[in-house]
Amino acid sequence: MAEGEAAAPATTRRLVLRGARDALALPAWVVGFALVGVGSLAQDVGHPLGAAMLSTLLIWAGPAQVVFYGSLAAGVALPLIAAAICLSSIRFLPMTIALMPLLRRPGQGLLAQIAIAHYIAVTVWVESLRRLPRMPAEERLPYYLGFANACLVTTTALTGVGWFLSGTLPAPLASGLLFITPVYFTLALAAGARTAVDVVAIVLGFALAPAFGHLVGRDFDLLLTGLVGGTIAYLVGRARRRRGA
Amino acid sequence: MSGLEAIVGAGLAPYLALILFGFLPSEVWRVLGVVLSRGLDENSEILVFVRAVATTLLAAVVAKLLVFPTGALALVPLAARLGAVAFGLAAFWLTRRSLVLGVLAGEVFLIAAATIALDGS
């Protein structure tokens, strides 16, 4: 597909549309259906439809949104909710640092870069890291914006659907919606793994997270898992490169 | 009138809470990521390390969702949750790496297991 189109230079419009089309082939629906439950949670705590949908547009992080509405339902104080969300979204720091160098173009201001980074969430990140490095640098941003906006708009709409569905979903179906995120992320990580670093990082992430969850509690377990597992994965990769060189 | 009110709400409180205590504490990491990544080349060594940390973090998020689930997913036994992921992975490899079929297979397994588990209780 990409080879066939390589003859004529791809226009911005075509790249945006191609990104949107690739997103609507599966990823946009995955993240969209995964957040149906967030709409239901918002309705449960008495928040209006507009706020539920805005939470997807603004926060754009399923786990943080679940924490937000779940904590409100449990009567947790707002500053404590903010702290919990801050901890749950820490993954965006390494994810943003890893992706932005692929999307940065000469002449982009800081605000434009922050707007670009706002779309970063797991689905967009995994898929972008898989697709963008193979593309010419100047084609990446329009493709990314088409892809990410399709994901964000689909998910915002499905968050609204979830708001209306609150309390009507049978339990097996509700558990199926919650299961979309882990099963899709597992497969997307497996599909995106190219190097020994990726494989070691994935295996250690899976193995260490439950262990650290028990050892240090559920606040700092993700951070610790990322740093310890990521460092080991990096060192394994470097040792292999040294031996190969 | 009441229809519109159901959509936008009666007051600003839900929106203010969302922005101050939901959006800002989460967005701060993306903004910090933009600032810290300035001047980094896409082929730089530090990015290999950062990508390894991010990948580990993602796998950790998945493991947490599977081992310590919330809501309706917590009603499904751990063995069924892990079995459904394994089934999805097997379908993914057997269908020559089709994400769609892998996700569908995992979902079918989990919803079937959830139906059986919830019926029996």
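Helices here are DSSP runs of at least four residues and strands are runs of at least two, numbered from the N terminus. The model in these views is predicted.

**View 1. Chain B is built from helices, with zero strands.** Along the principal axes, the C-alpha trace covers about 55 × 45 × 25 Å. Of the 121 residues in chain B, 44% are buried. Take the contacts within chain B between residues at least 6 apart in sequence, and 38% of them join residues at least 24 apart.

**View 2. Chain B meets chain A.** On one side of this contact sit 72 residues of chain B, and on the other 82 residues of chain A. Which helices of chain B supply at least two residues each to the side that touches chain A? They are α1 (2-8), α2 (13-36), α3 (45-67), α4 (78-94) and α5 (99-120). The top contributor is α3(B), which gives 21 residues to that side. Sorted by type, the residues of chain B that touch chain A come out as 52 nonpolar, 13 polar and seven charged.

**View 3. Helices α6 and α7 of chain A pack against each other.** Here α6(A) takes in residues 62-74 and α7(A) residues 78-88. Their axes are 9 Å apart, at an angle of about 160°. Angles over 145 degrees count as roughly antiparallel, and that is why α6(A) and α7(A) are described as roughly antiparallel. The crossing of α6(A) past α7(A) is right-handed. From α6(A), the residues in the contact are Pro63(A), Ala64(A), Val67(A), Phe68(A), Ser71(A) and Leu72(A); they meet Ile81(A), Ala84(A), Ile85(A) and Ser88(A) of α7(A). Eight of the residues in this contact are nonpolar, two are polar and none is charged.

**View 4. Helix α6(A) also packs with α4(A).** The partner this time is α4(A), residues 36-44. Are α4(A) and α6(A) roughly parallel or antiparallel? Angles under 35 degrees count as roughly parallel, so α4(A) and α6(A) fall into the roughly parallel group. Their crossing is left-handed. On the α4(A) side you'll find Val38(A), Leu41(A), Ala42(A) and Asp44(A), and these meet Gly62(A), Gln65(A), Val66(A), Tyr69(A), Gly70(A) and Ala73(A) in α6(A). By type, that contact has six nonpolar residues, three polar and one charged.

**View 5. Trp125(A) sits in helix α10 of chain A.** This helix covers residues 122-131. Is Trp125(A) buried or exposed? The cut-off for buried is 20 or more other C-beta atoms within 10 Å, and Trp125(A) has 23 such neighbours, so it counts as buried. Leave aside its neighbours within four places in sequence, and Trp125(A) is in contact with Met95(A), Leu99(A) and Ile120(A). For a sense of scale, look at Ile97(A) too: it is 28 residues from Trp125(A) along the chain, and their C-alpha atoms are 11 Å apart.

Note on methods. Residues numbered from 1 in each chain as written. Chains lettered and ligands numbered in written order. Predicted model: local features only at pLDDT ≥ 70, side-chain atom pairs only at ≥ 80, totals over all residues. Axes fitted to C-alpha atoms, helices over the stretch in contact; angles between N-to-C directions. Parallel < 35°, antiparallel > 145°, perpendicular 65-115°, else oblique. Left-handed = near helix turned anticlockwise from the far one by under 90°. Contact = placed C-beta atoms within 7 Å. Nonpolar A, V, L, I, M, F, W, Y, C, P; charged D, E, K, R; others polar. Buried ≥ 20, exposed ≤ 12 C-beta atoms within 10 Å, placed from the backbone.
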